[in-house]
Every structure is written in C-alpha cells, then in structure tokens.
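Biologist: I have the sequence and the fold on screen. Walk me through them, please.

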Number of protein chains: 2
Amino acid sequence: MTEATDDRSEPSDSPCDVDCYCQLNGLMDLLSRRYAMQLICVVGAIGPARYGEIEDTFESVSSSTLSSRLDDLVDAGYLSREQYAEIPPRVEYDLTDAGEELCRRLQPLLEWAADRDV
Amino acid sequence: MTEATDDRSEPSDSPCDVDCYCQLNGLMDLLSRRYAMQLICVVGAIGPARYGEIEDTFESVSSSTLSSRLDDLVDAGYLSREQYAEIPPRVEYDLTDAGEELCRRLQPLLEWAADRDV
DNA sequence: CTCCGTTACTTCGGACTCGACAGTACAAGT
DNA sequence: ACTTGTACTGTCGAGTCCGAAGTAACGGAG
C-alpha cells in the first residue's frame, strides 16, 4: 500500500498487468523445473563453469537431472555450451545475454530465498 | 568427505555467492510448482481474490491444480485464506506480508517473461 | 416438492519427472 | 595392463503433477 495512485483505471501504457502472467508458457515452465533457477544464478556466479564444478556446487542432484536441466537451458538460449576436443573431456557452460538478464532478475528472489530458507 | 575447507582457489569477494543458491529447499521447491509464481503475482494484482476470479484469470488451469497450489501457498504463509459462511460459498485469498515481499521480487522476472514469451 | 444454478473445492487415473546407480569413450600416467 | 579423470547417457522404480469430471450446500423458480 505504498503508492496506489494508479487506481485500477487501466492506463493504456500497461497493456498487460494481470492477463500477461497467466499465459507464460515456455519460460515459466522452464524455470519451474528443478534447479533451473539456481542453475542460472550459479553459472552466473562462477562464470564459465565446467560440468563437474556445477555438480559439486549442488549437494544433491543426480547427473541425469543436472544434464537434462543444462540441456533445457542451452536449448532455450540462456546458457551456452562450449566443448573442447580434449581428453579427458572439457565442457564449459556460460550465460548468454538472455541468461545474464535472467540472472539479474532472478537475483533478488534467490537472495531473499536464501535468507529466508536457512 | 572433507567439509568446510575453503581451499578453493577463489577470491573471497562474494559473501554469499554460490553456496547459498543450492540449498534452497523449501521456497524454491514451492515456487517451482506449476503456476505458483504467477499465482502470487495475480493475487497481488487483483487484491483479495475469490477462487473463481483466480480461475478465470488463468486460461488453462484445472481446479485441482489451482486448489492444491493455493493450499501450498497458504500453508507456506504467502497467502491468506478467508472463508465466509455463505451460500454459495465465498472464499477470499490475499497476500500476506511475506507474500507481498515475494511478489515484489517476482515482478521483474514475470514482466520480462511476459515480454519475451509473447 | 422437485429441479436448477452457483461456488469452491475433491477424486481418480494417467502422464510426467526425479534420483540412484551403473556404464561409456578416450588418452595419459604407473 | 590397469587405473584415473571427465562428461555425460541409460534404465528403472518411486514419487509427483495435471486435467476432466464429480460433489456438497442452499436459495430460488416453477
């Protein structure tokens, strides 16, 4: 109740206040998968990150789940995946531009969640 | 298993950077359920909201899913539920203080998602 | 007295998702 | 020859989620 000067008179520059939040098919479904949001922020925090680094960061995640979540995020264009022709193999994940923007918007949520959850 | 040995070759310029985002059990699991984030923002947008109003706002959500999601959010303390002894029944949902804070932090994400998804 | 309309939920069965564990490919080191 | 290290992939069973249809309650219409 800080600033309700807006009334509900529907200013024309806000074409979608409520209606928008309900049709979010792709992105919200993606973010609703397990570890998706944390993953974005973790990769954002440790920069180009190898698979093993990411796996170690989470305490309890199976490799199959982590792998498919990474694939999801790469497919959706929020993470980039660079594979080097080395043995043992090396793969680095990093945020794309869209991923960085997403990370920025996720940050306040996760910070608050971290404070609140512990 | 070694524990709490900070021999990572990382600069300690981040107080609570990576480790925090991975232990988020409760809240992130809750928000990862379908429609949970949208629900918070919708209730925040239309104020005290009746069940039917919420249902109408979403185009495709089954009543069972909506009902359990509302229960989840009420149990977690982000929504309040007020039931009136009338026929036909009337129930109103609203954000609690924690819910409002959550909504505030969800806002930038959902706005961006709405722009991007359409 | 019987049927209908309204509202806020349940119930049910199928679909999807997750985690544990094991296995793969490849080369360098011992 | 055998172990080590990395980044996965496969399989299976358990758990979770979702949507369509049904339920309960009462006032009002006929």
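Modeller: Keep in mind that this is a predicted model. Ask away.

Biologist: How many helices and strands does chain A have?

Modeller: From the N terminus on, the elements of chain A run α-α-β-α-α-β-β-α. Counted by type, that gives five helices and three strands.

Biologist: What share of the residues of chain A counts as buried?

Modeller: The cut-off for buried is under 20% relative accessible area. Chain A has 118 residues. The share of them that counts as buried is 38%.

Biologist: What is the strand order in the open sheet of chain A?

Modeller: The sheet has three strands, and the pairing is antiparallel. Strand 1 (49–50) and strand 2 (79–84) of chain A stand at the edges, each with a single partner strand, so one side of each has no neighbour in the sheet. The order is 1-3-2.

Biologist: Which residue in strand 3 of chain A is the bridge partner of Y84(A)?

Modeller: Strand 2 and strand 3 of chain A run antiparallel and are joined by six bridges. The bridge partner of Y84(A) in strand 3 is R90(A).

Biologist: Turn to chain B. How many residues lie between strand 2 and strand 3 in their hairpin?

Modeller: Strand 2 (residues 79–84) of chain B pairs with strand 3 of chain B in the antiparallel sense, over six bridges. L79(B) stands opposite L95(B) in strand 3. Between the two strands of the hairpin, the number of residues is five.

Biologist: Which residue in strand 3 of chain B stands opposite R50(B)?

Modeller: Strand 1 (residues 49–50) of chain B is joined to strand 3 of chain B by two bridges, and the two run antiparallel. Opposite R50(B) stands E92(B).

Biologist: Which residues have the most contacts inside the largest nonpolar core?

Modeller: In soluble globular proteins, nonpolar side chains tend to be buried together. The largest nonpolar core here has 63 residues. Leaving aside neighbours within four places in sequence, I54(A) is in contact with L39(A), V43(A), A49(A), L66(A), L70(A) and Y93(A). The residues with the most contacts inside the core are I54(A) and I54(B).

Biologist: Is R69(A) buried or exposed?

Modeller: R69(A) lies in helix 4 of chain A. Not counting residues up to four places away in sequence, R69(A) touches R33(A), R34(A), Y35(A), A36(A) and L39(A). Its relative accessible area is 10%, so R69(A) is buried.

Biologist: Now the DNA. Which element supplies the largest share of the surface near DNA strand C?

Modeller: Helix 4 (63–75) of chain A, with helix 3 (51–57), helix 4 (63–75) and strand 3 (90–95) of chain B, each supply at least two residues of that surface. By class, the residues of the surface divide into seven nonpolar, eight polar and six charged. The largest share, four residues, comes from helix 4 of chain A.

Biologist: How far is a polar side-chain atom of R81(B) from a phosphate oxygen of DNA strand C?

Modeller: Of the atoms of DNA strand C within 4 Å of the protein, 70% belong to sugar or phosphate. For Y93(B), the distance is 2.9 Å. For R81(B), it is 2.3 Å.

Biologist: Which element supplies the largest share of the surface near DNA strand D?

Modeller: Of the 22 residues around DNA strand D, those that come nearest are R81(A), R33(B), R34(B), S62(B) and S64(B). The surface has eight nonpolar, eight polar and six charged residues. Its largest share, four residues, comes from helix 4 of chain B.

Biologist: Which residue has a side-chain N or O atom 2.5 Å from a base nitrogen of DNA strand D?

Modeller: One is from a polar backbone atom of G52(A), at 3.0 Å. Another is from a polar side-chain atom of T65(B), at 3.3 Å. The residue at 2.5 Å from the base nitrogen is S64(B).

Methods
Residues numbered from 1 in each chain as written. Chains lettered and ligands numbered in written order. Predicted model: local features only at pLDDT ≥ 70, side-chain atom pairs only at ≥ 80, totals over all residues. Heavy atoms only, no water. Near = heavy atom within 4 Å. Polar contact = N/O pair within 3.5 Å; in protein donor to acceptor, adjacent residues only side chain to side chain. Nonpolar A, V, L, I, M, F, W, Y, C, P; charged D, E, K, R; others polar. Core = buried A, V, L, I, M, F, W, Y, C linked by side-chain atoms within 4.5 Å. Buried < 20%, exposed > 50% of the residue type's maximum accessible area, 1.4 Å probe, protein only. Contact = heavy atoms within 4.5 Å. Pairing = 2+ DSSP bridges.
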